[in-house]
Amino acid sequence: MKLFNYLLKIDRRIIYIVVGLLVMFPLVKPLGLGVTSGPRARTLFEAIDAVPAGKTILISVDFDPSSMPELYPMLTAVMRHAFAKNLKVLLCGLWVTGAGLADKAATEIPPEYGKKYGEDVVFLGWKAGVDAVILGMGENIKNVYPVDYYGKPLDSLPMMNTVKQLRDIPIVFAISAGTPGYQDWLLYAQSRYGMRVGAGVTAVSAADAYPYLQSGQMTGLLAGMKGGAEYEVLVQKAGYSKAYMPAVAAMDSQSLAHVVILLLVIVGNVAYFATRKRGA
Amino acid sequence: MKRSIPLAICLIMGIAMMIQFFVPHPASVAFYDLTTKWVRIVAAFALVLGTGSLVMYHVDKLQRRRRGWYYSIVTLTAAAATSVIGLGWGVRPGSPLQDIIFSNLLVPLNSSMFAILAFYMASAAYRAFRARTKEAALLLVAAFVVMLGMVPIGANVPFFWFLVVMAGALIVAGLVTRSKALFIGTGALVVGLLVWLAFSGFKVPRLMLPDTAEWVLSVPNMAAKRAILFGIALGGIATSLKVILGIERGWLGGGKQ
């Protein structure tokens, strides 16, 4: 009885220490649990893989640094896949705080594949307006973005000679941590311009995306860090990249965090029922 | 007049945009192109309004010394510093806004905020996630299935063995708590497992934990989500019509005619 009462009143700092240690341990000494790619990640991978070389894919960076550990690995994995397939990558963002993250990816990833800014990758930056931005890009990208994120006129970038409007782009991959995000791309780019839309979302918002996936409106879904890890594995298995896989490395930590939360819930429930029964 | 003109603009533009969607004529496309430009300009003004509203709210909080007023100093100082640096040195890569404010302040602060959620969630789950009712118990089991099924550690676990472990845990919990409800629930689970085993020819059924998690997400979750989405969509259409036709006038704000 004493034990159950103690368990119910356990100091939250003890829980924090247990969780902290279990999350950190696999980062220091990986458990190598491995990641198996699911059908949703494979659908997106196959859709991007099927885009003919030389074509452009659009990646919308709609997240901020708070979701960076979960979503940034998706961005790098998809960019590596695209460059390995000789696709061009057009980056834009509906979140102003995501611009710095897209800039980081646009600066760091292309050199790994010998790709050049302006020829193989362009970052448009952020513009206010969300739906008006997407609809405007559907008619003429240069009307919405006369210059790119770095202030260069779009007319001066060779890649933009072949990409005038959304219809010139076969697929958009929207990485979203909330609103605005993939739903806006579905609503305007997919329904009006017939673009295929794939999405990468945080694990907590994945359930919201499932109906679009089942209805066929969405082409593939990467859900949370696991989704990023699945895509990283697909890209490496196909021989497109040998880079470090941050999402795969973090999955061991996430596994242990989930297990410890489940154990805590079980212990908490046992203690609750034991004290309630005896107290009744 | 203050109300009639905005209402008339709303009615005309609402109907015009609805008709425009179905008319592919060049004049219609040009009109659409023009209006999307207007929307982008209006959206930029909304940022000014938002900033003004934020400043007014926090200045008022400071003046009235309301609870947590000192946090308003942080908010206002951060907003002012960011604005001055952005306006003074620009927002391009390499500027102090990008290097100091974004990379060295916003990224680590935001990441830290998100990272500590794991600790709060663990603590909150321990304290609040109780099987107090049948519905809560069902939610608990579904959460267990999805949480384990979605991480590599649960990838190779058969659902049958997961349920056996659950039954074992329930038996221990029943012995400890001597709860009649727990014994009945455990008994039903054990009988169900035996029936399932018999139907599988006394071989462990092949259904894996990730498949079950997938089913939870794809069937019951999706049914609920879809119902919510339909409700939101129908509500959105109804509200839009009410706004266009001038029945709903809340967007005009208060004030006299």
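This report describes a predicted two-chain model, its interface and selected residues.

Residues are numbered from 1 along each chain as its sequence is written, and chains are lettered from A and ligands numbered from 1 in the order in which they are written. Because the model is predicted, local features need pLDDT of at least 70 and side-chain atom pairs count only at pLDDT 80 or more, while totals for chains, interfaces and linings use all residues; side-chain values use heavy atoms, with hydrogens and water left out.

## Chain A

Chain A contains eleven helices and six strands; here helices (H or I, at least four residues) and strands (E, at least two) are DSSP runs, numbered from the N terminus. Along the principal axes, the C-alpha atoms of chain A fill a box of roughly 75 × 35 × 35 Å. Of the 280 residues in chain A, 59% are buried. Buried denotes under 20% relative accessible area, exposed over 50%, and partly exposed in between, with a 1.4 Å probe and protein chains only. Among contacts in chain A between residues at least 6 apart in sequence, 76% join residues at least 24 apart, a contact being heavy atoms within 4.5 Å.

## The interface of chains A and B

In the model, 67 residues of chain A are in contact with 54 residues of chain B. Between them the chains bury about 5500 Å², of which 67% lies on carbon and sulfur atoms. Buried area is the accessible area (1.4 Å probe) that two parts lose on being put together, summed over both.

Two salt bridges are found across this interface. A salt bridge requires a side-chain nitrogen of Lys or Arg within 4 Å of a carboxyl oxygen of Asp or Glu. One such pair joins the side chains of A:Arg40 and B:Glu214, at 2.3 Å from N to O.

Several helices of chain B each supply at least two residues of the side that touches chain A, among them α1 (4-22), α4 (96-115) and α9 (209-244). The largest share of that side, ten residues, comes from α2(B). By class, the side of chain B that touches chain A has 33 nonpolar, ten polar and eleven charged residues. In this scheme Ala, Val, Leu, Ile, Met, Phe, Trp, Tyr, Cys and Pro count as nonpolar, Asp, Glu, Lys and Arg as charged, and the others, Gly among them, as polar.

## Salt bridges within the chains

Side chains of opposite charge can pair when their charged atoms come close. Over all chains, the structure holds nine salt bridges. The table lists some that lie within one chain.

| A:Glu112 | A:Arg80 | 2.8 Å |

The salt bridge of A:Glu112 with A:Arg80 links distant parts of the chain: A:Glu112 is in the loop between α5 (99-108) and β3 (121-126) of chain A, and A:Arg80 is in helix α4 (residues 68-84) of chain A, 32 residues apart. A:Glu112 is partly exposed because its relative accessibility is 43%, whereas A:Arg80, at 12%, is buried.

In chain B, salt bridges link B:Asp60, B:Arg64 and B:Arg66 in a network. B:Asp60 is partly exposed at 23% relative accessibility, as is B:Arg66 at 32%. B:Arg64, at 58%, counts as exposed.

## Other residues

A:Ser241 occupies the loop between α10 (224-237) and α11 (246-279) of chain A. With a relative accessible area of 10%, A:Ser241 is buried. Its side chain reaches the backbone nitrogen of A:Ala243 at 3.1 Å. Not counting residues up to four places away in sequence, A:Ser241 touches A:Arg80, A:Tyr113, A:Val235 and A:Gln236.

B:Tyr71 lies in helix α3 (residues 69-89) of chain B and counts as exposed, at 56% relative accessibility. B:Tyr71 and B:Asp33 are 38 residues apart in sequence and 43 Å apart in space, C-alpha to C-alpha.

The structure holds zero disulfides over all chains, a disulfide being a pair of cysteine sulfur atoms within 2.5 Å. A:Cys92 is buried at 1% relative accessibility, and B:Cys10 is buried at 17%.

Notes:
A polar contact is a pair of N or O atoms within 3.5 Å; within protein, one must be able to donate a hydrogen and the other to accept it, and residues adjacent in sequence count only if both atoms are side-chain atoms.
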